[in-house]
Amino acid sequence: MSTQELEQGNGPMPRQIPYIITNEACERFSFYGMRNILVPFLISTLLLFIPSEHRTSEAKHVFHTFVIGVYFFPLLGGWLSDRYFGKYNTVFWFSLIYCAGHACLALFENHLEGFYFGLFLIAFGSGGIKPLVVSFVGDQFDQTNKKKAKVVFDAFYWSINFGSFFASLLMPIFLRDYGPAVAFGIPGILMFVATLVFWAGRRKYVHVPPSEPSQESFSRVAKTALMSAAPGQSRPGLTVAMVGVVAALASLAMTPSWGFVIAACTALVLVMAFGGIGTSMQLERARGKHSDEAVDGVRAVLRIFIVFAMVTPFWSLFDQKASTWIVQANDMVHPTYEILGWSFSFVPAQMQALNPLLVMLLIPFNNIALFPLLRKLGIEPTPLRRMGTGIFVSALAWVVIGTLQVVMDGGTPVSMAWQVLPYALLTFGEVLVSATGLEFAYSQAPASMKGVIMALWYLAVTVGNLWVLILNAGVKNDAVSAYIKTTGFSVMAFQMYFFAAFAALVAGCFALYAMRYRMVDFYRKEAEPQACYGSTPEPQKA
C-alpha cells in the first residue's frame, strides 16, 4: 500500500470487520425475528383477555412502548461504555442479558408478567449494545483507511437487513405452524450465536479506551455556560433551561392520565430541548474557562441534536410498518400464488420481509448507479441531502398507505399486494435516512462522545415512537374523535394522512437547515496504538 493511498484514506480493510458484521447479522435476525411477530402474537394469543375491540390498540401500545425502551437504553449503554467499561465489555455483557430476555419469551408464552419481563430484558440488552456496535465499527478505522469505512457502514447496514429478511420471512410461519415457544426460541438461539461470534474476535479488535472524567466534557462545558453571569447581563439561557425543567415536572405530574411512558419520555424531551437551546444561547460564556476546542465541540454536538430532532418523524412512520401496516394487511385480501403447482399465500406479518429485501437491493443500486448519476448531473448526494430526501419519500409512502385505507373503508376489497408500493417508498426513504445517519452520527461526533452521540441518534427513534403513542392516545379523546368524523375519514386513515403531512413538513424544515450545516471530520488522525480492555492482552493497530 503506497504512502499516497494511505494519505488519501485508501488503506487496507481491517481484518476484524467480518466478526462484527457476522455478529450484527445474527443479532438482527434475533431482534427482528421476535419483533416482527410480536403484534400478531399479542393479538392472537397473549391479549385474548382484552375485549376484541380494544385488543389491536393495546397490542400497538405494547409494541411501541417496547420500541421506546429499545431505543432509550442506548443512553445507558453509551454512558457506561464511554466512561467505565469500553465498547467491547459493554456489548458482551449486555448481550448476555439480551439472551436471557429471549429465553423468557420462549418460556413464558402464556404468562403475561413473565413475557413482559422478557421484553424488558430484550429492550435493556438490545438498547445497551445498539449505539456501541456501530461506533465499534468506526473505531476500527483511522485516517489511513477511512474511505473504506463507508463501504463497511453500508455492508453493516446490509447485514442488518440480511438477518431481518430471513427473520421476517420465516418467523411468522414458525409462529403459525409450531407455536410461540419455537417462534421466539429460534431468535434466542441466533442471539447466542451472535454473542459467541463477537467474543471469538476479541483478540483482533482495536479497543479505544473509555474517556477519563474531564473538565472539558459536554456536561461540564454546558453547566459552565448556563451558570456563568456576564457583567451587566442576565442569564436568559439558564431561564430557558429552567422552563424546560418546570415543563418536564408538569409532564411527570400527568402520569396518571397520560401513562408513565408518555409522561416520562415527554419530560426527557423537554429537558433536552430547552436545555440545549439555553446552552446554545450562553455557550460563548464558557470560552476562556474551557478550551476553544471543547466549546466548539459542544456547539457541534448541539447542531447534531437539531438534525436528530428532525429525523424523529421518519421513525414514527417507519416503525408503524410492524404495527399499523400489519393491522391494515389483516383486513386486506390475501392473494394465493401458484408456482410449479405449489400454491401459497403470504401471512400479513411476512410483508415486512419486503423491507430488508429492498434494502439489500437499494444500497448497491444507490452506490453503483444512482449516486454516480447524480454526481454527473452536478448534484452531490451529501449525507444531509440524502436524509432530507428520505424523510420526504417516507411521507409519500404514507400518502399511498392512507389512500389504500380510504378505498378499503369505502367497501372495496384491496389485495395485500398493493402494500408493495408503500413498502418500496418507505424502504427507499429508510436507506437514505438510516444508513446515512449511521455514518453521519459517527463522523460528526467528538472522540470523547461517540458512544453517547450514537445513543442520542437512537433516542430519536424513541421520540418517533413517542409521537405514535401520543397520537394514539389523542384519538381516544372525545373532541378529537368528533373532529375526525367531520373529515369523512376513518380514524386509521386520518392517522395515516396526519403522519404523512407531519413528515413532509419536517422534511421541508430539514432542507432549510441542511443548507446552513457545516460538516466536520472526527475520524481518528492516525493508526495509533490503542489501550486494550477485556480479553485483549496486547495493544493493536487498526
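Start by selecting Ile 189, which sits in helix α8, the stretch covering residues 180–200. Keep in mind as you look around that this is a predicted model. Is Ile 189 buried or exposed? Its relative accessibility is 55%, so Ile 189 counts as exposed, the cut-off for that word being over 50%.

Next, on to charged residues. Side chains of opposite charge can pair when their charged atoms come close. The model has ten salt bridges by the rule used here.

For one of them, select Arg 176 and Asp 177: their closest N and O atoms are 2.9 Å apart. Arg 176 is exposed, at 51% relative accessible area, while Asp 177 is partly exposed, at 43%.

Then jump to Glu 284. Which residues does Glu 284 pair with? One partner is Arg 287, with the closest N and O atoms 2.8 Å apart; another is Arg 299, where that distance is 2.9 Å. Glu 284 lies in the loop between α12 (260–282) and α13 (292–318), and Arg 299 lies in helix α13, so this pair ties together parts 15 residues apart in sequence. Glu 284 is partly exposed at 43% relative accessibility, as are Arg 287 at 29% and Arg 299 at 28%.

Terms used. Residues numbered from 1 in each chain as written. Predicted model: local features only at pLDDT ≥ 70, side-chain atom pairs only at ≥ 80, totals over all residues. Heavy atoms only, no water. Helix = DSSP H or I, 4+ residues; strand = E, 2+ residues; numbered from the N terminus. Buried < 20%, exposed > 50% of the residue type's maximum accessible area, 1.4 Å probe, protein only. Salt bridge = Lys/Arg side-chain N within 4 Å of Asp/Glu carboxyl O.
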